Amino acid sequence: MSVTRGWTLRETLIVTVIGAVFAVLYLGWVQVWLIAQAVFGPLTMDVVMGFWFVASMVAAAIIRKPGAAFAAEVLAAAVQVLLGSPAGLLLVVSGIVQGAGAEAVFAATRWRNYSLPVLMAAGVGAAVFSYIYTWIRFDYGALQPTLLIAMFVLRTLSGAVLGGWLAHAIVQALYKTGALAGLAIDVDKRSAAA
């Protein structure tokens, strides 16, 4: 499918809804993380981190236009702030970083490939950008090298699975409902089947 730059009103609304819905889910996921961290320890954050990237992959796979991944992730962060997240405005910075990481992978395909491997790679992209950001923000340089490697590996795996693979599963389930008819994902699937 050729990439068209402009967004329709429907596409804008869908990305907005994705951002809002995942903002609520992201806030709920914080509780999952805190409980798991109390049981399994501090590396748990890197294990569960990928879920906080999934909005960008879902939006990109449905809309298939430049900026969809970035916009959905930033919107999800902004809505979390509006809902009273204690992380405050720094959460928007996290959304910008994570959305940029996912968007960079879609840009590398020139926004033409939304297969499962690319969605998983986008999850890894969000994880790598996130890791660099948290390294700077929380002074990871003071940590042991083995711990840093473990954190990086766990976060990238989480980005691939909880970000990319889960997004693929969600989008395929949504597609089967018929709710995505007429959108870019529908056009691509119909073209491939013809």
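Valine 153 belongs to helix α7, residues 145-177. Its relative accessible area is 38%, so valine 153 is partly exposed. The classes are buried (under 20% relative accessible area), exposed (over 50%) and partly exposed (in between), with a 1.4 Å probe and protein chains only.

The model is predicted: local features need pLDDT of at least 70, side-chain atom pairs count only at pLDDT 80 or more, and totals for chains, interfaces and linings use all residues. Residues are numbered from 1 along each chain as its sequence is written, and side-chain values use heavy atoms, with hydrogens and water left out.

UniProt, in an unreviewed entry, places the feature "transmembrane region" at residues 12-34, 40-62, 74-96, 116-136 and 148-171. These positions follow the numbering used here, feature names are shortened, and annotations may be inferred rather than shown by experiment. Residues 116-136 are 100% helix and 0% strand, with end C-alpha atoms 31 Å apart. Helices (H or I, at least four residues) and strands (E, at least two) are DSSP runs, numbered from the N terminus.

The largest nonpolar core holds 45 residues. Such a core is a set of buried Ala, Val, Leu, Ile, Met, Phe, Trp, Tyr and Cys residues joined through side-chain atoms within 4.5 Å. Ile18, Tyr26, Met57, Val58, Ile62 and Phe106 touch the most other members. Helices α1 (9-40), α2 (44-48), α3 (54-63), α4 (68-82), α5 (90-108), α6 (116-138) and α7 each supply at least two residues of this core. Helix α3 gives the most, with 9 residues. Contacts of isoleucine 62 (heavy atoms within 4.5 Å) include Ile14, Ile18, Val171 and Leu174, not counting residues up to four places away in sequence. Leu180, Leu183, Ala184 and Ile185 are also touched by isoleucine 62.

The model contains 4 salt bridges. A salt bridge is a side-chain nitrogen of Lys or Arg within 4 Å of a carboxyl oxygen of Asp or Glu. Glutamate 11 pairs with lysine 65, the closest N and O atoms being 2.8 Å apart. This pair links distant parts of the chain, 54 residues apart: glutamate 11 in helix α1 and lysine 65 in the loop between α3 and α4. Both residues are buried. Aspartate 46 and arginine 155 form another salt bridge (2.8 Å, N to O). Here helix α2 is linked to helix α7 across 109 residues. Aspartate 46 and arginine 155 are both buried. Arginine 190 bridges to aspartate 186 at 3.1 Å between the closest N and O atoms. Both lie in helix α8 (residues 184-193), 4 residues apart, about one turn of the helix. Arginine 190 counts as exposed at 55% relative accessibility, whereas aspartate 186 counts as buried at 5%.
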